[in-house]
Amino acid sequence: MDPIRIGEGYYLQPSGQVAAKPYTLLRQALARSAKVAVAKYAWSGRERLGLLRVRDDVIVLHAMRWPDEIRDPTELLPPPVELSDDEIDGALALMDTMTREDLEDEEFRDTYTEAIQQIIEAKRDHRELPAAPEPTEPDRVVDLMAALQESVQKVKASRGEDAEVHDLPKTRKASKTTAKKQSAARTGSAAKASGRKPRRSA
């Protein structure tokens, strides 16, 4: 099943003692079989499908989207481009350097919710609101193509191949400036040869 069809998750609770036994039976059957169940239920006046699975001895219902609720992504595709094997190898090498096993880090915390909670607690206790942190310098923008090129060079070096670095072509503006300088130099040389000073342009 395509994960794009799976939506929000909700814990299910049995309603009273009567539902306790079938709930426990379904939970244990799902856990032992290592399978999930698909159920149909009503939500906001509409019939929907749900995915049932076990998590920490509780049944979880994941809402599912109907096929007609999923947008066709073909219109979002970029124009066709050509990629070399070296570029793909470089992307894979870059991914390897950025791979990690967990998301337990400061950058993966919900700092917004924590800040709101601190404000609520300060107002409730009639304390001074926490000071807003000073704005930090914006993160350095990573040149993806430069990073990929560097990774490609590392991959080639590991294979014992020569890693050539090609400079980007000069812009048209720079070419025009160079052409003007060369033209001015030629004009000055011609004027010097004739013994006359070049006339200034308006």
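Reply: Fine. Arg 48 is placed in strand E3, residues 46-55. Strands (E, at least two residues) and helices (H or I, at least four) are DSSP runs, numbered from the N terminus. The model is predicted, so local features need pLDDT of at least 70 and side-chain atom pairs count only at pLDDT 80 or more, while totals for chains, interfaces and linings use all residues. Residues are numbered from 1 along each chain as its sequence is written, and side-chain values use heavy atoms, with hydrogens and water left out.

Me: Is Arg 48 buried or exposed?

Reply: Arg 48 is buried, because its relative accessibility is 14%. Buried means under 20% relative accessible area, exposed means over 50%, and partly exposed is in between (1.4 Å probe, protein chains only).

Me: Which side chain makes a polar contact with the side chain of Arg 48?

Reply: That of Glu 69, at 2.9 Å. A polar atom of the Arg 48 side chain also lies 3.4 Å from the backbone oxygen of Met 64. A polar contact is a pair of N or O atoms within 3.5 Å; within protein, one must be able to donate a hydrogen and the other to accept it, and residues adjacent in sequence count only if both atoms are side-chain atoms.

Me: And what does Arg 48 touch?

Reply: Leaving out residues up to four places away in sequence, its contacts include Tyr 41, Trp 43, Trp 66 and Glu 69. Contact means heavy atoms within 4.5 Å. Tyr 41 is also the bridge partner of Arg 48.

Me: Now the sheet. What is the strand order?

Reply: The sheet is open, with 4 strands in the order E1-E4-E3-E2 and antiparallel pairing. Strand E1 (6-11) and strand E2 (37-43) are at the edges with a single partner strand each, so one side of each has no neighbour in the sheet. Two strands pair if DSSP finds at least two bridges between them.

Me: How many bridges join E2 to E3?

Reply: 7, and the two strands run antiparallel. E1 pairs with strand E4 (residues 58-64) over 4 bridges. There, Tyr 11 is opposite Val 60 in E4.

Me: Where is His 126?

Reply: His 126 is in the loop between helix H3 (111-124) and helix H4 (144-159). Its phi is also positive, near 55°. His 126 is exposed, with a relative accessible area of 75%.
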